[in-house]
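Look over the model before reading on.

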Amino acid sequence: MAVSSKRAERVMPVTLVVGGDAYLNELNARTVREKIQKNAPDAEVIELDAANADKYAFDEAVGPSLFGDGTIVFINDLQNADESLVEAIEKFCQQTQNNENNSQNNESSENSFVESSSNWVIARHEGGVKGKSIVTRLTKAGANTITVPDLKKDDAKLNFVMSIFERHKRSIEPQAAQRLVAVLGGKTGELAALCSQLCFDYDDNPMTLDIVDRYLLADPQVTGFFVADKAVAGHAGSAVLAARTAVSQGVDQIALIGALASKIRLIALAMAVRNGTISSAEAKVNPWALKMAMRQIAGWNSSGISKCLQSLAWADEQCKGGASDANYALEKSIMIIASKGN
């Protein structure tokens, strides 16, 4: 193997994983650890909490290993590290950086190539202002820094979904990706796991909205969105069946009514944008959600919107008031929505 290839497989002695989405932050740190373990499978893993660890704990962790197989030191919450711990990590960075420079200066052939360290440090920092100077100091000392993106905006979440399918050498329809984000956009770990599971269970490429809906129909988290979309599209039978399935799984009728009301309000906003009453920016909704709603407003009018909202308010009252047949109230509202209030 060429020297450059060996270097490409190596991991810098100190890696900082900074900020971003908590799941992605942890995933990046785990990926670095797995890369190290690929070439040093017997390395000992030691975890430290920066809020409690001091320089002595760190020095002991990176000290000579009893078995000589190396050590991977995981440091969580680096932003909480005290000065002594930061100084110890900084010193370790500088020492390993000097070793690296000496190794390069002495290198004359592939056989002279050696690892500059048998110890590695992976430190996770939550991002933000707190402890920002720590990242700056350690980066200057030679640490490799991985800046993790956040997934606060829906566009970023959509890109995240797309990237997972790309890693599996697959693609997904935009509407299907949007459905996944709408359902699990706030739970990155579950979203990633579900995308991977879809790729494992289905060979379709691209992954379609129909497959995603069928896969998620049994999941209470998605049923409200599924019911609302089917109802607004005029598919009364499918919407009612999905609602009954959800209720049988323990989903509260009020939650389904809330999803239906949100969808109707989105339709109302889309109509207002189409009519020029408000701008897209003034609608203050996700652009892709508004775009989808714009495709669903055919046949809707203000009178129908009003009737649907009145029906949902009545159904909500029935459910909260302990009506003897809350399901009837829910299903009646679904039928009214499916008919666009006519």
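Two strands count as paired if DSSP finds at least two bridges between them. The model is predicted.

Q: How many bridges join strand β3 to strand β4?
A: Pairing needs at least two bridges. Strand β3 covers residues 71-76 and strand β4 covers residues 119-125, and the two run parallel. One of the bridge pairs is T71 with N119 in β4. The number of bridges joining β3 to β4 is five.

Q: Which strands are the edge strands of the sheet?
A: The open sheet has five strands in parallel pairing, ordered β2-β3-β4-β1-β5. An edge strand pairs on one side only.

Q: At about what angle does helix α2 run to β4?
A: Helix α2 spans residues 22-39. It lies across β1, β2, β3, β4 and β5. Its angle to β4 is about 175 degrees.

Q: Which strands does helix α5 touch?
A: Helix α5 (residues 132-140) packs on the sheet. Its direction makes about 150 degrees with that of β1. The strands touched by α5 are β1, β4 and β5.

Q: How many nonpolar residues has the contact of α7 with α8?
A: The axes of α7 (residues 174-184) and α8 (residues 188-201) are 9 Å apart, at an angle of about 145 degrees. From α7 come L180, V181 and L184; they meet residues of α8 including L191, L194 and L198. One polar and one charged residue also take part in the contact. The nonpolar count is seven.

Note on methods. Residues are numbered from 1 along each chain as its sequence is written. This is a predicted model: local features need pLDDT of at least 70, side-chain atom pairs count only at pLDDT 80 or more; totals for chains, interfaces and linings use all residues. Side-chain values use heavy atoms; hydrogens and water are left out. Axes are lines fitted to C-alpha atoms, for helices over the stretch in contact, and angles run from 0 to 180 degrees between N-to-C directions. Helices (H or I, at least four residues) and strands (E, at least two) are DSSP runs, numbered from the N terminus. Contact means heavy atoms within 4.5 Å. Ala, Val, Leu, Ile, Met, Phe, Trp, Tyr, Cys and Pro count as nonpolar, Asp, Glu, Lys and Arg as charged, and the others, Gly among them, as polar.
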